[in-house]
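Visitor: I am new to this structure and would like a close look at one part of it. Please take me through the salt bridges with some care.

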Amino acid sequence: MGIASYVENANVMLDISLQFDSLRFINFGGGFGYDYKDHQEYDIDSLSENIRQLSSARGAKDNIRLIVEPGRYLVANTAILVSKVCSVKESSSRNFLGLDTGHNHFPRCFYYDAWHDIENISTLSNEMISYDITGYLCQSGDIFARQRLLPKTKVGDLICIKDVGAYGYSMSSNFNSRVRPGEYLVDTEDNFSMIRRPECFEDIISTFNLD
């Protein structure tokens, strides 16, 4: 993934910074990409070197902190969403998988028509079928993917939606009075620990004052 536009913007900010005598830091902001489909690496080392060279060439003071906000670049691939197949509908023209999750849990596909790799982690079937993968909400746009090739899938199979570490739980909601799932941490030795418990209906109404 290219860094040219980020470097160009950094160059402009460094030029502007020379007009101020009392700057303590320059924040170049976010904009670090993550390639959800082809998984090409963002060249963070080259970006760092380019900014360092620009700063030196512009005569930026050594005591000015240079700040970036990599955000999604750091966390996008740190989480997955695992969901159970609740329904399978197959026809001559279109096949559908209905999951026990929706855009209330992970809204990127709903809002941005975003691509996320999706796998069936329950089957070793070699028969591949094209599916539309849908959520459980009442909206027709609650769709995670269209025409994805997956092994032949049955009710009860587990579906893994990948790279949900950014704009995942932080954008989730209780839309349609649906509770949010728990979160589990897997360490380097494949040990599981719950770091956020699943919600229950009492959590949804806990802020109401019904006295």
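Visitor: To begin with, is Glu90 buried, partly exposed or exposed?

Guide: In this predicted model, Glu90 is partly exposed, with a relative accessible area of 38%. The side chain of Glu90 meets that of Lys152 in a salt bridge, with 3.3 Å from N to O. This pair links distant parts of the chain, since Glu90 belongs to strand 3 (residues 81-90) while Lys152 sits in the loop between strand 7 (143-151) and strand 8 (158-161), 62 residues apart. Lys152 is also partly exposed, at a relative accessible area of 35%.

The structure holds 8 salt bridges, and another of them joins Asp157 to Lys154, where the closest N and O atoms are 3.1 Å apart. Asp157 has a relative accessible area of 3%, and it counts as buried because that value is under 20%.

A further salt bridge brings together the side chains of Glu199 and Arg180, at 3.1 Å from N to O. Here too distant parts of the chain are linked, with Glu199 in the loop between strand 10 (192-196) and helix 5 (201-205), and Arg180 in the loop between strand 8 and strand 9 (183-186), 19 residues apart. Glu199 is buried, with a relative accessible area of 17%, and Arg180 counts as buried at 18% relative accessibility.

Key. Residues are numbered from 1 along each chain as its sequence is written. This is a predicted model: local features need pLDDT of at least 70, side-chain atom pairs count only at pLDDT 80 or more; totals for chains, interfaces and linings use all residues. Side-chain values use heavy atoms; hydrogens and water are left out. A salt bridge is a side-chain nitrogen of Lys or Arg within 4 Å of a carboxyl oxygen of Asp or Glu. Helices (H or I, at least four residues) and strands (E, at least two) are DSSP runs, numbered from the N terminus. Buried means under 20% relative accessible area, exposed over 50%, partly exposed in between (1.4 Å probe, protein chains only).
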